[in-house]
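Welcome! Please take a moment to look over the sequence and the model below, and then we can walk through some of their features together.

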Amino acid sequence: MKTVFTAHRLYTPIEEISAPLLIVEDGRISEVFSRSQTELPAHTALVDFGDAILAPGFFDIHIHGGAGLDVMRAAPAELPRLGSFLATHGVTSYFPTTVAASLDATYAALELLANAIDAPPATNGDPVQARPLGIHLEGPFLSHKRRGVHPPEYLVTPTVEIFDRLWQAARGHVRMMTIAPEVPGALEVIAEAAHRNVCVSIGHSDAELPIAKDAVKAGAHHATHTFNAMRPLDHREPGIIGEVLSDDRISADIIADGIHVSPEVVKVFLRAKGHERAVLITDAISATGMPDGRYQLGPIQVDVKDGKCTSNGSLAGSVLTMDRAVRNVTKFSNWNLREAVRAATLNPAQAVTMSDNHGVLARGANADFVVMSPAGEVLKTIVAGRGF
Ligand SMILES: [Zn+2]
């Protein structure tokens, strides 16, 4: 079946198309063009979103849960509820993200998440939901000094053998891994993971500059929640942040909730990484979309009060949603809505090398898109051409 969508504008997101026609067939985009170039094909149903904007669906590569569900603890039948919640905030793809837990609990969680990734896509009767595309291992190979709330007893010295056991438990669905490069054995694991096309992201790290550079040489090409859980930047001893901000070969992500990093520093980050390499993440936990209270983040208990998540005084994830992160960028910086959208769509897809079918509105890509108001409010989310 062929459906044609139109609205006031469309973000590809590299460029803006006015009076767009987005043609969808069998869940994929078959054509994108402007009405000024081409007449509407005859006998096609036109879905008109008026003065709204069409943009690729958001892709959250670092998320632990939402709507009361934790991705390491949820029963398989519950995950679609998280997917539906995420879709209401414009997210169409995500990487469920683990935290450091006992290896046995981690293997068990990875197996269930792999099942969710392999599950057949939702069909017509089901609510529209974001799809888990791969798994992000945040830990267990993290620095004790910069572990944040990851429990110290579950941090593990990196070895290729343990990495392989995690990989096998996830049946090859590990697509991203946060690792501290200064921990003995890390560089070898970085090389092996990069070889398996995992997006190796340096973070939760106390690395000095030379080690951060060694990590990039070994195959790391991204950084996790820049500034948070990292050796702080010093102008004479820049450390890992000096490498992350200055090396144009690597992309990096940030939590733009105004709590984890001040708005001014978000602006500095955006300038440093630029329109092509800045990535927005939420680092959201199960409490997202829920009232204040006590929640789980893997094995960690988290208290949520006034939108701030803490465990024993340390920040423990966020209750940020991706649509708010996008709007925040337009408030914290001089980036326009299209540029902010790019950091939540194409840039994360490129960082994890899934850019052909995800994060873009172009011929051949999945028909996953969000209908936004000019102010960046999500009006509707379409997954595989469904949901309008
Ligand atoms: Zn996290």
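## A parallel pair of strands

Let us start with a pair of facing residues: isoleucine 135 stands opposite valine 174 in β14. The strands β13 and β14 pair in the parallel sense over four bridges. Here strands, of at least two residues, are DSSP runs of E, helices are runs of H or I of at least four residues, and both are numbered from the N terminus. Two strands pair if DSSP finds at least two bridges between them. Strand β14 covers residues 174-179, and six of its six residues are buried, so the strand is largely enclosed by the rest of the structure. Buried means under 20% relative accessible area, exposed means over 50%, and partly exposed is in between, using a 1.4 Å probe and protein chains only.

A word on the background: this is a predicted model, in which local features need pLDDT of at least 70 and side-chain atom pairs count only at pLDDT 80 or more, while totals for chains, interfaces and linings use all residues. Residues are numbered from 1 along each chain as its sequence is written, and side-chain values use heavy atoms, with hydrogens and water left out.

Is histidine 150 buried or exposed? Its relative accessible area is 4%, so histidine 150 is buried. Leaving aside neighbours within four places in sequence, histidine 150 is in contact (heavy atoms within 4.5 Å) with Val99, Ala100, Glu138, Leu142, Leu155, His204 and Ile300. With histidine 204 there is also a side-chain to side-chain polar contact of 3.5 Å. A polar contact is a pair of N or O atoms within 3.5 Å; within protein, one must be able to donate a hydrogen and the other to accept it, and residues adjacent in sequence count only if both atoms are side-chain atoms.

The largest pocket holds about 290 Å³ of space. Of the 20 residues that line this pocket, Pro121, Arg131, Asn366, Val383 and Ala384 are the closest to its centre. The elements giving two or more residues to the lining are β11 (91-98) and β12 (131-132). By class, the lining has nine nonpolar, six polar and five charged residues. Ala, Val, Leu, Ile, Met, Phe, Trp, Tyr, Cys and Pro count as nonpolar, Asp, Glu, Lys and Arg as charged, and the others, Gly among them, as polar.

The second largest pocket has a volume of about 240 Å³. It is lined by 19 residues, of which Gly148, His204, His225, Leu315 and Gly317 are the closest to its centre. Its lining has eight nonpolar, nine polar and two charged residues. On a 1 Å grid over the protein atoms alone, a pocket is an open set of points where a 1.4 Å probe fits, with protein on both sides within 12 Å along at least five of seven lines; lining residues have an atom within 4 Å of a point. Grid points are joined across faces, edges and corners, and a volume is the space filled by probe spheres set on the points.

## An enclosed helix

Helix α6 spans residues 239-246, and seven of its eight residues are buried, so the helix is largely enclosed by the rest of the structure. Those buried residues pack against β15 (199-202), α5 (209-218), β16 (222-223), β17 (252-255) and α7 (263-277).

## A four-stranded sheet

Where does glutamine 301 lie? Glutamine 301 is in strand β20 (residues 300-305). This strand belongs to an open antiparallel sheet of four strands, in the order β19-β20-β21-β22. Its edge strands, β19 (293-297) and β22 (314-315), each pair on one side only. Three bridges join β20 to β21 (residues 308-311), and valine 304 stands opposite cysteine 309 in β21.

Glutamine 301 is partly exposed, at 44% relative accessible area, and its side chain makes a polar contact of 3.3 Å with the side chain of arginine 294. In the loop between β21 and β22 lies asparagine 312, which has a positive phi of about 50 degrees although it is not a glycine. Asparagine 312 is exposed, with a relative accessible area of 81%.
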